[in-house]
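Colleague: Please pick out one part of this model and take me through it slowly. I'd like the cut-offs spelled out as you go.

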Amino acid sequence: MEKLFACTKKLGINLNSEQLEQFSAYYAELIDWNRRFNLTAITGFEEVQIKHFCDSLSAVLAFKSPDTTQPLRIIDVGTGAGFPGVPLKILLPGISLTLLESTTKKAAFLQHLQEMLGLRGVEIVTGRAEEAAHEERYREKFDVVLSRAVAPLPSLVELCLPFCSVGGRFIAQKKGDISSEIDRAAKAIKLMGGALSEIKKIDLEEFPDERCLVVIEKVSPTPANYPRRPGMAVKRPLV
Ligand code: SAH
């Protein structure tokens, strides 16, 4: 995990040997399961360390300084094979993490991974954001909502902001030029009770494709009718 160690170090993140071993085990499981199920197209040893592990960990740069009295409640919406949620759990074992994924096979991998890595304080939810966000136990219950590579920002905001408690934040991991995507998301952000706070660039030579964290604060509750029924946020984004 030398690439991962070097790359995260540049971001000011110091992984210890126990954490590096967990990442090594994560890689082995990912590759093993990927032979049977399509979990990821990125499989090279160095590529996974950079494009999956280090990229996931970079989200921590948009976290507020932690309140040490309460574990941070985090949800990763559309986590797939666990990105960015699982790397962040390895980095910050004290967080309370919910992994939401609609594909049963991916959720089965996450269950296995959780046992393999001995992670505590992780809940795996198989389901769609459009439905989970209307459940009392998930609605406006999280300090941090994360999502990577799930949908364009106008749709993503409708799927993610309902999970965020007022005072919490939604962090979307994006790449490339996203200025027009952000402009198009303005209406959805406002409707969902959000306010755009920051676009944080992740400036590393390992990422030539302009990665950034779009940080949206939750300033008021999301109206009860959002998100709309499954598929609507993507089919008919609130632009
Ligand atoms: N976040 C991961 C996976 C990205 S692929 C990564 O960055 O590698 C997008 C994932 O989101 C897929 O696994 C898909 O099943 C899931 N997904 C898409 N729409 C969803 C929804 N509405 N609710 C829950 N999961 C969803």
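Modeller: Let's come in by way of a proline: Pro227 sits in the loop between strand S7 (211–218) and helix H9 (232–235) (helices, H or I with at least four residues, and strands, E with at least two, are DSSP runs numbered from the N terminus). The bond joining Tyr226 to Pro227 is a cis peptide, omega about -5°. Before going on: this is a predicted model, so to speak, with local features needing pLDDT of at least 70, side-chain atom pairs counting only at pLDDT 80 or more, and totals for chains, interfaces and linings using all residues. Residues are numbered from 1 along each chain as its sequence is written, and side-chain values use heavy atoms, with hydrogens and water left out.

The part to look at has a cis bond as well: Phe83 to Pro84, with omega near 5°. Pro84 is in the loop between S1 and H4.

The model has eight aromatic pairs, counting rings of Phe, Tyr and Trp (its six-membered ring) with centres within 6.5 Å; planes under 30 degrees apart are stacked, over 60 edge-to-face, the rest tilted. Tyr26 and Phe83 make a stacked pair, because their planes are at 20° with the centres 5.5 Å apart. Tyr26 belongs to helix H2 (residues 17–34) and Phe83 to the loop between strand S1 (73–77) and helix H4 (85–91), so this pair ties together parts that are 57 residues apart in sequence.

Phe83 also brings us to the ligand. It is one of the closest of the 15 residues around the ligand, along with Gly78, Glu101, Lys106 and Arg148 (near means a heavy atom within 4 Å). That shell splits into four nonpolar, six polar and five charged residues (Ala, Val, Leu, Ile, Met, Phe, Trp, Tyr, Cys and Pro are nonpolar, Asp, Glu, Lys and Arg charged, the others, Gly among them, polar).

What about polar contacts, meaning N or O pairs within 3.5 Å? A ligand oxygen is 2.6 Å from a side-chain N or O of Arg148. For Thr103, the distance from a ligand oxygen to a side-chain N or O is 3.1 Å, and for Ser102 it is 3.4 Å. On its own the ligand has 570 Å² of accessible area, and the protein covers 81% of that (Shrake-Rupley, 1.4 Å probe).

How values were computed:
Polar contact = N/O pair within 3.5 Å; in protein donor to acceptor, adjacent residues only side chain to side chain.
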